[in-house]
Amino acid sequence: MKLVLRGLLAGLCLLVLVAPTARADITPGDGGSEGDPEAPPPAAAGGAKGQNLYAEVGGVVVDESENGSGAGGAGGGTGALDPVGDWSPPPCWYAPLYTPKQLKEEMEHTWSLESTGYQWDAQQRAKYADGGGEPGTYEDFNMAKSDDGYWWDGYVPEGGAGVPGALECDDGPFWVDTGDPPPAAYANAVTP
């Protein structure tokens, strides 16, 4: 165990010592890398894996000549990013959390426990599984649109359940098509 920890620590130290500075001064879609306008534009991707969102972009140019010099910015150097002003995140927010399949599994599991009561379960089934004809209802959890969007729901960060306001994002899951902004009615919905 000690040998594994020492190896991990040594690897992290080496990574910190040789990690180059990355620059993002090339606009995606303006050609390839610096000095090669004929190269294909960098790739971009993103999505969700469970409750985790990810984003990827290509086209990062590495310039080791300015490492530690502070060149390229007033005040110079690299370091931790700090928010401007005294901003802090809200106690809860709405974010894309489920694919149709994931929401279906989650809701059907909850219904199988029979712990939420018949009336609530029936209302939820009518909204997410049996609906579709009424505004604000869906058919089969929007399975037909599996590749076209996500179910958004209230999210409370780990350790934030006791914070005042943490339980205010309780409107239940709602659908947002990929590329569309969340409805304006959800004040704490994340946006780009």
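Does Tyr128 count as buried or exposed? I looked it up: Tyr128 has 1% relative accessibility and counts as buried. Buried means under 20% relative accessible area, exposed over 50%, and partly exposed in between, with a 1.4 Å probe and protein chains only.

**Ground rules.** This is a predicted model, where local features need pLDDT of at least 70, side-chain atom pairs count only at pLDDT 80 or more, and totals for chains, interfaces and linings use all residues. Residues are numbered from 1 along each chain as its sequence is written, and side-chain values use heavy atoms, with hydrogens and water left out.

**Overall layout.** I noted 3 helices and 7 strands in the protein. Both are DSSP runs numbered from the N terminus: helices are H or I with at least four residues, strands are E with at least two. Along the sequence the pattern reads α-β-β-β-β-β-α-α-β-β. Of the 192 residues, 22% are buried. I then checked contacts, meaning heavy atoms within 4.5 Å. Among those between residues at least 6 apart in sequence, 57% join residues at least 24 apart. The accessible surface is about 13700 Å², and 56% of that belongs to carbon and sulfur atoms. Accessible areas come from the Shrake-Rupley method with a 1.4 Å probe; for residues, only the protein chains shown count as cover.

**Helix 3.** Next I went to the helix that holds residues 118–128. Which residues of helix 3 are buried? They are Asp121, Gln124 and Tyr128. Seen down the axis of helix 3, these buried residues fall within an arc of 65°, so they line one face. The arc is taken from the directions from the helix axis to the C-beta atoms. The face turned away from the buried side carries the exposed residues Tyr118 and Gln119. I also asked what the buried residues of helix 3 pack against. The partners are helix 2 (100–113) and strand 6 (149–155).

Gln124 got its own entry. Gln124 sits in helix 3 and is buried, with a relative accessible area of 13%. Not counting residues up to four places away in sequence, Gln124 touches Met107, Trp111 and Ala129.

**Nonpolar cores.** A nonpolar core is a set of buried Ala, Val, Leu, Ile, Met, Phe, Trp, Tyr and Cys residues joined through side-chain atoms within 4.5 Å. How many residues does the largest nonpolar core have? I found 11: Leu97, Tyr98, Leu103, Met107, Trp111, Tyr128, Ala129, Tyr138, Phe141, Trp151 and Trp175. Strand 5 (93–98) and helix 2 each supply at least two residues of this core. The largest share, 3 residues, comes from helix 2. Apart from this core lies another, of 8 residues, among them Cys92, Trp152, Cys169 and Phe174.

I listed the neighbours of Phe141 too. Leaving out residues up to four places away in sequence, Phe141 touches Pro100, Leu103, Lys104, Met107, Glu108, Trp111, Tyr128, Ala129 and Trp151.

**Aromatic pairs.** Rings of Phe, Tyr and Trp (its six-membered ring) pair if their centres lie within 6.5 Å; planes under 30 degrees apart count as stacked, over 60 as edge-to-face and the rest as tilted. I found 11 such pairs in the structure. Tyr128 and Trp151 are edge-to-face, 5.4 Å centre to centre with 75° between the planes. Tyr128 lies in helix 3 and Trp151 in strand 6, so the pair ties together parts 23 residues apart in sequence. Trp151 is buried at 0% relative accessibility.

Trp151 also pairs with Trp175, edge-to-face, at 5.4 Å centre to centre and 75° between the planes. Trp175 belongs to strand 7 (residues 174–177) and Trp151 to strand 6, so this pair ties together parts 24 residues apart in sequence. Trp175 is buried, as is Trp151. Ring pairs link Trp111, Tyr128, Tyr138, Phe141, Trp151 and Trp175 into a cluster.

**Disulfide.** Last, I searched the whole structure for disulfides, meaning cysteine sulfur atoms within 2.5 Å. There is 1. Cys92 and Cys169 form a disulfide with their sulfur atoms 2.1 Å apart. The torsion about the S-S bond of Cys92 and Cys169 is about 80°, so the disulfide is right-handed. Cys92 is in the loop between strand 4 (61–62) and strand 5, Cys169 in the loop between strand 6 and strand 7, 77 residues apart. Cys92 is buried, with a relative accessible area of 1%. Cys169 counts as buried at 11% relative accessibility.
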